[in-house]
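Subject: Structure handover and notes

Hello,

The structure I promised is below, followed by my notes on it. Please read them alongside the coordinates.

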Amino acid sequence: MATHGHAHGHELQRTWELAPSDVLNAALGWIRSIGAGRRTLFLVSAALFVLGILALLAFPLRQGFADRQAWTYVAVAFLYLMSTAAAAPALSTALRVARSHWRRPVNRASEIWGVTLIIPLILYLLLLPTFPGTEDRLSIWFGWPLSPWLWGAILMLALTGAGYLFAWFSSLPDLAIVRDHGSPAQRGLAAWLSRGWIGSHRQWRMYEKVVNNIGVLYVLIYVPVMTVLASDFIIALIPGYFTAVFPAYFTITSFQAGIALTIVTMAVLRRWGGQADYLGREQFWALGKLLLAFSLLWFYFWWSEFIIFWYGRTPREINVLKLIMAETYRWPFILSFAMNFALPLLTLMWNPIRRSITGPTVVACIVLVGNLIDRIRLTSAAFSQPDSALLGHAHELHEVPAAYIPGISDIVIVVGMVAGALMLVLWATRYLPFPSVAEVVGGLWLRAHKPFKHARLIVIGKPE
């Protein structure tokens, strides 16, 4: 058992003083009421998504697959969604495996982003024809047949399947609640997804095991997927960019953005979704510490790669540094460095800011913008290289290309794809109640409140 004391004058988070019936009533209130704000945001997101699709059809697709540079911001949208929406469910898995009980109101805010994986999958399949084969050029695939097209597609399909399976199975008990108590429009899909769930002891035991296993499977697929994307989209397209550290940097910074996206989602739910009783300082403080840790890892992996190029200073290494950091994309790099490392460190290092609700939320917004700028920097540098620079023995940049300046259509594509992901999340909130009844009530059954002198103690049972 674990005990947590709350000194006199400090408030105990209201979540753990509620009865299970209070949690159920709050969830039923969520699924029975769709406010005008949610409906309007859904329609705006859908409209922006349609505009993004039209821009994609009218510009990159119309120009064909031979001009890879025309697809730069399609790749930006894809990598940004993979670094944020696809990374968020991995946080839920990490917290489940760590047996953190404060995470129970948080899980749905991260897992729900798994419903957006269909958008990056479609973007990836559209981008595949723009890549040259791996024969006679440097690649992670070592000349495998049909690489990178076949094997990358298999990995993306596996990740998408695991993500939807994780989002579905983790929501199974709550979908049964919607099936039994939702409106007629909600019950059809909820009944189909939750068929067979009656809440028996055997089903609950299976639920706990299977959810953890699927979550771990998702993470085990996500890491190699991001490694492959770092290689195929960035390293293999920049002549002379010989690095073994960048895939780790790319994956770690994606986890950082996934944490930031979860924090922002929690803040929105707390402010406009009526979740203040469930998402309190305890959750924001804990995730703020994680965000600070991954901001430090951002610098560690960036420095581990940079210092090798800096000390080597061969013409090949100097040109790579000029392209992605020192000259062509200097300002995007400076902004990314500031927003993903310097500002989070200088802000979250102060305990009063880190243990607040506003502090981690503001820093999370900064990190999300910084991650987008970083993906723009790296993708623009990679997609500006012609195929002739990648073949044969051309293993270095002989001429540093100019920066790629986005047009209106590029911006519309990125905004539209991000809006499409938001649209899917808003659609899913119609069928997934907040808070997660299964998670929060499961935590209530494990907690007891005990007075001790002038303080109150939470005694938490650890059945594991």
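The protein has 19 helices and three strands; helices (H or I, at least four residues) and strands (E, at least two) are DSSP runs, numbered from the N terminus. This is a predicted model, in which local features need pLDDT of at least 70 and side-chain atom pairs count only at pLDDT 80 or more, while totals for chains, interfaces and linings use all residues. Residues are numbered from 1 along each chain as its sequence is written, and side-chain values use heavy atoms, with hydrogens and water left out.

Overall dimensions and surface

The radius of gyration of the protein is 23 Å, which agrees with the value near 23 Å for a compact globule of 464 residues. That radius is taken over C-alpha atoms, and the globule rule is 2.2 Å times the number of residues to the power 0.38. Along the principal axes, the C-alpha atoms fill a box of roughly 70 × 50 × 40 Å.

Of the 464 residues, 54% count as buried. Buried means under 20% relative accessible area, exposed over 50%, and partly exposed in between (1.4 Å probe, protein chains only).

Among contacts with a separation of 6 or more, 81% are between residues 24 or more positions apart. Contact means heavy atoms within 4.5 Å.

There are 36 positive and 23 negative charges, and their mean positions are 12 Å apart. Lys and Arg count as positive and Asp and Glu as negative, with His and the chain ends not counted; each charge is placed at NZ of Lys, CZ of Arg, CG of Asp or CD of Glu.

Helix 7

Helix 7 covers residues 118–127, and its buried residues include Ile119, Pro120, Leu121, Leu123, Tyr124 and Leu127. The buried residues of helix 7 pack against helix 2 (36–58), helix 4 (72–83), helix 8 (149–170), helix 11 (201–234), helix 17 (358–383) and helix 18 (408–428).

Trp30 is in helix 1 (residues 20–32) and counts as buried because its relative accessibility is 11%. Apart from residues up to four places away in sequence, Trp30 touches Arg38, Leu269, Gly273, Gln275, Thr429, Leu432, Pro433 and Phe434. A polar atom of the Trp30 side chain lies 2.9 Å from the backbone oxygen of Thr429. The polar contact criterion is a pair of N or O atoms within 3.5 Å; within protein, one must be able to donate a hydrogen and the other to accept it, and residues adjacent in sequence count only if both atoms are side-chain atoms. Gly274 is 244 residues from Trp30 along the chain, yet their C-alpha atoms are separated by 8.6 Å.

Thr15 lies in the loop between strand 1 (2–6) and helix 1. With a relative accessible area of 0%, Thr15 is buried. Its side chain reaches the backbone oxygen of Asp277 at 2.3 Å. Beyond its neighbours within four places in sequence, Thr15 is in contact with Pro105, Asp277, Tyr278, Val440 and Leu444.

Asn371 belongs to helix 17 and is buried, at a relative accessible area of 1%. Setting aside neighbours within four places in sequence, its contacts are Tyr80, Ser83, Thr84, Thr253, Ala257 and Asn340. Thr253 is 118 residues away from Asn371 in sequence, with 7.6 Å between the C-alpha atoms.

Backbone points to check

Most residues other than glycine have a negative phi, and most peptide bonds are trans. The following depart from that.

- Ser147 to Pro148: the peptide bond is cis, with omega near 5°; Pro148 is in the loop between helix 7 and helix 8.
- Phe434 to Pro435: the peptide bond is cis, with omega near 0°; Pro435 is in the loop between helix 18 and helix 19 (437–444).
- Arg99: phi is positive, about 55°. Arg99 sits in the loop between helix 5 (88–97) and helix 6 (107–111) and is partly exposed at 39% relative accessibility.
- Arg313: phi is positive, near 50°. Arg313 is in the loop between helix 13 (281–312) and helix 14 (315–326) and is partly exposed, with a relative accessible area of 47%.

Regards
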